[in-house]
Amino acid sequence: MTVVHQRAAARPQIVASPPRAGGAAGPLPDRVLMKGNEAIAEAAVAAGCDAYFGYPITPQAELLEWMARRMPEEGRVFVQAESELAAINMALGASAAGARVLVSSSSPGISLMAEAMSYMAGSRLPVVLVNVMRGGPGLGSIGAAQGDYLQATKGHGHGDYKVPVLAPSSIAEAIDLVRDAFILAERYRTPVILLADGILGQAMEPVAPAFRRLDKSTPDWILDGAAGRAPRVLKSLHLQPEALEEHDLALQAVYEQIAANEQRWAAEQLDDAEVVLVAYGTAARVARTAVERARADGIRAGLFRPITLWPFPAHPLRDAAKGARAVLAVEMSAGQMVEDVRLAIEGAVPVFHHGRMGGMVPSPDGVVAAMRRALAAGEEAGR
Amino acid sequence: MTATEHVTEQEGRTIYRRPLLLSKPTTYCPGCGHGIVHRLLAEVLEELGLGAKTILVGSVGCSVFAYDFLALDSVESPHGRAAAVATGVKRYRPDKVVLTYQGDGDLAAIGTAEIVHAAARGERFTVIFVNNGIYGMTGGQMAPTTLAGQRTTSSPRGRDVETTGYPLPVTEMLSLLPGVQYAARASVGDPVLVGKAKQSIKRAFEIQLEGKGFSIVEVLSTCPVGWGLTPSESMERLRDTVMTAYPVGTFVDRPRGIAPKLPQPGSPTRSITEGF
Ligand SMILES: Cc1ncc(C[n+]2csc(CCOP(=O)(O)OP(=O)(O)O)c2C)c(N)n1
Ligand code: SF4
Ligand SMILES: [Mg+2]
């Protein structure tokens, strides 16, 4: 049984769909096969994305290509920038002018976007940024990886700021989270990261072609020429330390609000779990299969799947792990999310990590073996 | 009683008033050209009646506080990225007037890619490029625009072209791009030149209003502090030395038929410098 915990979102009408047989007038199929990158792109179009800026990089390129076709069709802004630096700064400008903006890239490109992310956070400019993660460091590989967890949740640009990070683990969920990401970005005037990976981006899955619209209001901070009002300035520079600290405190207050209101996670078979797997994104799908196999072998396993990586659902995880003998973080990294897991568990239950890197994906059997080791070591530690 | 006051009292004519868009006195160093360029910009936007539909894209340099002096809706950019930021603003709001205000470190060093590609795409905004040949804000280091032999805090023995390369003539380079509708270099070296600079800035905005493409005005300016000169010595150096290395003039005004001759596809032998 899966329980998804999240703020109840209104479900407005279906307004857009990917290509149908028989053209636009043809019947709406129940399910269509869509690539993750394309589904994310179309979800953004349906959610009223006004402007998209990007730069080609594998395994994200189809997202840019989809937008290159769809945005002009809708009479909206599409620019293939000369670099990710330029793309995110175009996003900064469009956002300042009041546009609902999407940018996308993969790991190396996100590193280039880090500077402007910091400026946008400091200037309180909303944007949704999709990272279809690949293997690193450096040019790494084009295989799916989760090595950018720390970058997304604690890193990217300089200074005291955080951004919400949403991690879908299926294409259908990605479609929903794109729209939710715009909601969060605008509600809190902040950049939001949608953290996917090469498998989610490249895989094709049947999805209900129901992409939801998102209404838009004109906020009172956008730039449109100071007609009949005082000029507005969108900036992150506050040269006086007192003034900057005040600004920083205001940002922190927003982050506290986000942390209090926006944590999301999914709990699967946790009620009687002796071993709690913690995994997000593609790794969570492997973990889910591993839970089934473990249960078939008599191991009472369950899966805790964070959907918001920041704010990390720490208390819910701690509660979920209360009766367990071991907690096992499964990641496509050397062990990044596991740091948050340890902080959440606070030593109450032994925490272990199982990961693959470089574009390699953990196998369900590998995860089951890691569970057995974790349970044995947890026993040991408990003695 | 001075002559000016006499005229004012007798005929009630306005001899000078601060442009409304220049909302506050600037805080630049004495003899700095930034203040002059701000005033010209304010005058031009006011004369064209554009104040309430203009969005200023700032940059990082001594002019980072331009939004404090110019009464315009403004957005800050990371160092060098103003042309990308302006692309985003103008693409979303083509009905607004958009300008970047950038120094030479900002535009000609860290922001070279952004300015070249914005120009290549023919983005329909206006660039005010204030070239004082130095990184003013960070304490007078060498910029790509610094003249050969010029002493700066990071070229203490004078710029050595063998190791640091040659001054970068950005406006000439951009002039080769078909997306550039207007490109001119002006100077604040004396009152006549200031008047011409104003005309160039005005023309650049007119071009933007026509919606055809990219417009840039490079304004050669002074940095007495960074140059280690008095304000009047700086003006002399600007006229005698800087303007020799960087000739002023209009390089491109496509609507008026001024454009460098470019090699046409199929005739690769023609020189690209022919038009200069
Ligand atoms: C990424 C980054 N690198 C360096 C700086 C430091 N910095 C601030 S202004 C500036 C140079 C400004 O020179 P210029 O654009 O010529 O403007 P001026 O002050 O001369 O008008 C530099 C290097 C910065 N703010 N950001
Ligand atoms: S340091 Fe130079 S550029 Fe900066 S305000 Fe002073 S004179 Fe002007
Ligand atoms: Mg300078």
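# Close-up views of a predicted two-chain model

**View 1. B:Asp240 sits in helix H11 (residues 231–245) of chain B.** Helices (H or I, at least four residues) and strands (E, at least two) are DSSP runs, numbered from the N terminus. The model is predicted: local features need pLDDT of at least 70, side-chain atom pairs count only at pLDDT 80 or more, and totals for chains, interfaces and linings use all residues. Residues are numbered from 1 along each chain as its sequence is written, chains are lettered from A and ligands numbered from 1 in the order in which they are written, and side-chain values use heavy atoms, with hydrogens and water left out. B:Asp240 has a relative accessible area of 54%, so this residue is exposed. The cut-offs are under 20% relative accessible area for buried, over 50% for exposed, and partly exposed in between (1.4 Å probe, protein chains only). B:Gly189 is 51 residues from B:Asp240 in sequence, and their C-alpha atoms are 9.3 Å apart.

**View 2. Three residues of chain B coordinate the magnesium ion (ligand 3).** The donors are B:Asp104 (OD), B:Asn132 (OD1) and B:Ile134 (O), at 2.1 Å. Donors are N, O and S atoms within 2.8 Å of the metal (3.2 Å for Na, K and Ca); water is not among the atoms, so sites may look incomplete. Along the chain, the donor spacing reads D-x27-N-x1-I. B:Asp104 belongs to helix H5 (residues 104–110) of chain B and B:Ile134 to strand E5 (residues 134–135) of chain B, so the pair ties together parts that are 30 residues apart in sequence. B:Asp104 and B:Ile134 are both buried.

**View 3. B:Asn132 lies in the loop between strand E4 (126–131) and E5 of chain B.** Its relative accessibility is 8%, so B:Asn132 counts as buried. Beyond residues up to four places away in sequence, B:Asn132 touches B:His34, B:Asp104, B:Ser221, B:Thr222, B:Cys223 and B:Trp227. Contact means heavy atoms within 4.5 Å.

View 4. Ala, Val, Leu, Ile, Met, Phe, Trp, Tyr, Cys and Pro count as nonpolar, Asp, Glu, Lys and Arg as charged, and the others, Gly among them, as polar.

**View 5. Helix H1 (residues 36–46) of chain A crosses helix H6 (residues 171–188) of chain A at roughly 35 degrees.** Their axes come within 9 Å. Axes are lines fitted to C-alpha atoms, for helices over the stretch in contact, and angles run from 0 to 180 degrees between N-to-C directions. H1(A) contributes A:Gly36, A:Ala39, A:Ile40, A:Ala43 and A:Ala44 to the contact; H6(A) contributes A:Ile171, A:Ala174, A:Ile175, A:Val178 and A:Phe182. Nine of these residues are nonpolar, one is polar and none is charged.

**View 6. A:Val286 lies in helix H9 (residues 281–296) of chain A.** A:Val286 counts as buried because its relative accessibility is 9%. Leaving out residues up to four places away in sequence, A:Val286 touches A:Val361, A:Pro362, A:Ser363, A:Pro364 and A:Val367. A:Pro364 is 78 residues from A:Val286 along the chain, yet their C-alpha atoms are separated by 5.5 Å.
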